[in-house]
Amino acid sequence: MAKGYWVIRVDVTKPEQFKAYAEANGSALKKYGAKFLARAGNFENPEGNTRSRNTIVEFPSYQAAVDCWHSPEYQEAMKLRRHAAAMDLVILEGYEGPQPS
C-alpha cells in the first residue's frame with residue numbers, strides 16, 4: 001500500500017495564533033500515524049513560487065492522509081489557523097513504481 005503525504009507551504013501572519021494551531025493539530029496527526037519528514041527548515045526555490053515555510057508529513061497510507069484532513073480533530077484545529085496564515089496543502093499518494101537506475 002502506498003504511503004500518503006501532505007505537502008504544505010505556508011506564510012505565517014500571526015505567529016502566536018499559528019503556534020496554537022500547530023499544538024492543536026497534534027492529536028489528529030498522531031491518531032492517523034503522521035510523521036514529519038521536513039518541517040520549516042532551510043530550503044531553496046530554484047523554480048516557481050513558494051511561501052516562507054514548507055512541510056512534508058508522511059502517513060502510513062493515502063487514505064490515512066485524506067482521513068486525517070477530514071477528521072473532526074483536524075477541522076477543529078484548522079479554525080485556529082484560518083486567520084493566522086496563508087497555506088497551501090496538497091494530499092499526495094506515494095509512488096511505488098520503478099526508480100531511476
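Start with the order of elements: from the N terminus the chain runs β-α-α-β-β-α-α-β. Colour by secondary structure and count four helices and four strands. This is a predicted model.

**Whole chain**

Show the C-alpha trace. Along its principal axes the trace spans about 45 × 35 × 15 Å.

Next, colour by pLDDT. The chain mean is 96, and 100% of the residues reach 70 or more. Select helix α1, residues 15–24: among the elements, α1 has the lowest mean pLDDT, at 95. Then select α3, which has the highest, at 98.

**Contacts and surface**

Switch to a surface view. The chain exposes about 6700 Å². Carbon and sulfur atoms supply 52% of that area. Buried residues make up 30% of the 101 residues.

Now colour the charged side chains. There are 13 positive and 12 negative ones. The centres of the two sets lie 6 Å apart.

**Stop one: Ala40**

Select Ala40. It sits in the loop between β2 (35–39) and β3. Look at the backbone here. Phi of Ala40 is near 60°, a positive value in a residue other than glycine.

Is Ala40 buried, partly exposed or exposed? Its relative accessible area is 31%. Buried means under 20% and exposed means over 50%, so Ala40 counts as partly exposed.

**Stop two: Ser61**

Is Ser61 buried or exposed? Its relative accessibility is 9%, and the cut-off for buried is under 20%, so Ser61 counts as buried.

Which residues is Ser61 in contact with, leaving aside its neighbours within four places in sequence? Select Met1, Ala2, Lys3 and Gly4. Show these four together with Ser61 to see the contacts.

**Last view**

Ala40, in the β2–β3 loop, is partly exposed at 31%.

Definitions and conventions:
Residues numbered from 1 in each chain as written. Predicted model: local features only at pLDDT ≥ 70, side-chain atom pairs only at ≥ 80, totals over all residues. Heavy atoms only, no water. Helix = DSSP H or I, 4+ residues; strand = E, 2+ residues; numbered from the N terminus. Buried < 20%, exposed > 50% of the residue type's maximum accessible area, 1.4 Å probe, protein only. Areas by Shrake-Rupley, 256 points an atom, 1.4 Å probe, with all protein chains shown as cover. Lys, Arg positive; Asp, Glu negative; His and termini not counted. Charge placed at Lys NZ, Arg CZ, Asp CG, Glu CD. Contact = heavy atoms within 4.5 Å. pLDDT = per-residue confidence, 0-100.
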